[in-house]
Amino acid sequence: MAVSETKAEHPDAIDAVVEAWVRERPDLDLDAIAVAGRLGRVGLLLAPAQETVFTAFGLQKGEFDVLASLRRSGEPYTLRPSQLSATLMLTRAGMTNRLDRLETAGLVERTLDPADRRSFRVRLTDKGYATVEDAMTAHTANVTRLLSALSEEQLGTLDGLLRILLRALET
């Protein structure tokens with residue numbers, strides 16, 4: 001089913017944009033524009049809805065990402081800053097700023113790397129572990145709620161399609 005075939009059932013603001021372009025440029029196939037517009041709009045709406053959870057735990061999204069990376073690394077919940085930077089695709093300077101804020105809040109601690117005394121390791125503190133556990137539980141529930149308009153099958157289909165698209169765009 002073409003993208004334009006579903007608009008009659010569930011018209012949205014993107015339809016108005018596409019219809020205006022169809023009127024002005026009927027020579028263009030705008031199905032991809034409609035999909036890209038909706039993806040962008042979904043991203044814009046999801047981001048602040050997710051931020052509310054992080055804010056409730058006194059975190060910014062980037063800080064949550066650092067804590068989550070440490071937590072999912074497994075015990076002892078310790079990584080080098082360079083590993084965190086690579087995982088989060090962040091510059092070392094950006095990582096340093098996040099780590100400074102998290103360390104000030106008592107959520108992580110930096111210690112010298114016993115294998116290389118010129119390097120540091122970042123570890124979740126007990127407070128950081130408890131915070132990321134609670135924040136991840138709330139984040140998961142929130143995202144599940146935000147995507148609840150989709151059935152389990154639709155969610156699986158969307159996940160598969162986005163996986164294909166991401167793979168193509170990342171190469």
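Mentor: One thing before we start on the helices: the expected span of a helix is 1.5 Å times one less than its number of residues. Also keep in mind that this is a predicted model.

Trainee: OK, so how far apart are the end C-alpha atoms of α2, and what should the helix span?
Mentor: Helix α2 covers residues 31-56, so with 26 residues at 1.5 Å a residue it should span 38 Å. Its end C-alpha atoms are 39 Å apart, which agrees.

Trainee: Which residues of α2 are buried?
Mentor: Ala34, Ala49, Gln50, Val53 and Phe54.

Trainee: And what covers them?
Mentor: The cover over the buried residues of α2 includes α1 (13-24), α3 and α6.

Trainee: What follows α2?
Mentor: Gly58, which has a positive phi near 75°.

Trainee: Let's do α3 then. What span should it have?
Mentor: With 12 residues at 1.5 Å a residue, α3 should span 16 Å, and its end C-alpha atoms are 16 Å apart, so that agrees. Buried residues in α3 are Gly62, Glu63, Phe64, Val66, Leu67, Ala68, Ser69 and Leu70.

Trainee: Which glycine comes after α3?
Mentor: Gly74, and its phi is positive too, near 85°.

Trainee: What about the loop between α3 and β1, which residues should I look at there?
Mentor: Pro76 and Tyr77 are both in that loop. Pro76 is joined to Glu75 by a cis peptide bond, with omega about 10°. Tyr77 has a positive phi of about 60° even though it isn't a glycine.

Trainee: Why flag those two?
Mentor: Because most residues other than glycine have a negative phi, and most peptide bonds are trans.

Trainee: Is Tyr77 buried or exposed?
Mentor: Tyr77 has a relative accessible area of 14%, so it counts as buried, the cut-off being under 20%.

Trainee: Which residues line it?
Mentor: Phe64, Asp65, Ala68, Arg72, Thr87, Leu88, Met89, Arg98, Met136 and His139. By type, the lining has 5 nonpolar, 2 polar and 3 charged residues.

Trainee: Which helix gives the largest share of that lining?
Mentor: α3, with 4 residues. The elements that each supply at least two lining residues are α3 (61-72), α4 (81-88) and α6 (126-146). Two of the lining residues, Phe64 and Ala68, are on the buried list for α3 as well.

Trainee: Switching topic: what order do the strands of the sheet have?
Mentor: The order is β1-β3-β2, in an open sheet of 3 strands with antiparallel pairing. β1 (78-79) and β2 (108-113) are the edge strands, so called because each pairs on one side only.

Trainee: Remind me, what holds strands together in general?
Mentor: Strands of a sheet pair through backbone hydrogen bonds, either parallel or antiparallel.

Trainee: How many bridges join β1 to β3?
Mentor: 2 bridges, with β3 being residues 116-124. Across that pairing, Leu79 stands opposite Val122, and Thr78 stands opposite Arg123.

Trainee: And how many join β2 to β3?
Mentor: 6 bridges, again antiparallel. Thr111 stands opposite Arg121 there. β2 and β3 make a hairpin, with 2 residues between them.

Trainee: Last one, Asn97. Which helix is it in?
Mentor: Helix α5, residues 92-104. Asn97 has a relative accessible area of 45%, so it is partly exposed.

Trainee: How far is Asn97 from Glu63 in space?
Mentor: 9.8 Å, C-alpha to C-alpha, while the two are 34 residues apart in sequence. Glu63 is one of the buried residues of α3.

Definitions and conventions: Residues numbered from 1 in each chain as written. Predicted model: local features only at pLDDT ≥ 70, side-chain atom pairs only at ≥ 80, totals over all residues. Heavy atoms only, no water. 1 Å grid on protein atoms, 1.4 Å probe; cavity = no way out; pocket = protein on both sides within 12 Å on 5 of 7 lines; lining within 4 Å. Nonpolar A, V, L, I, M, F, W, Y, C, P; charged D, E, K, R; others polar. Pairing = 2+ DSSP bridges. Buried < 20%, exposed > 50% of the residue type's maximum accessible area, 1.4 Å probe, protein only. Contact = heavy atoms within 4.5 Å.
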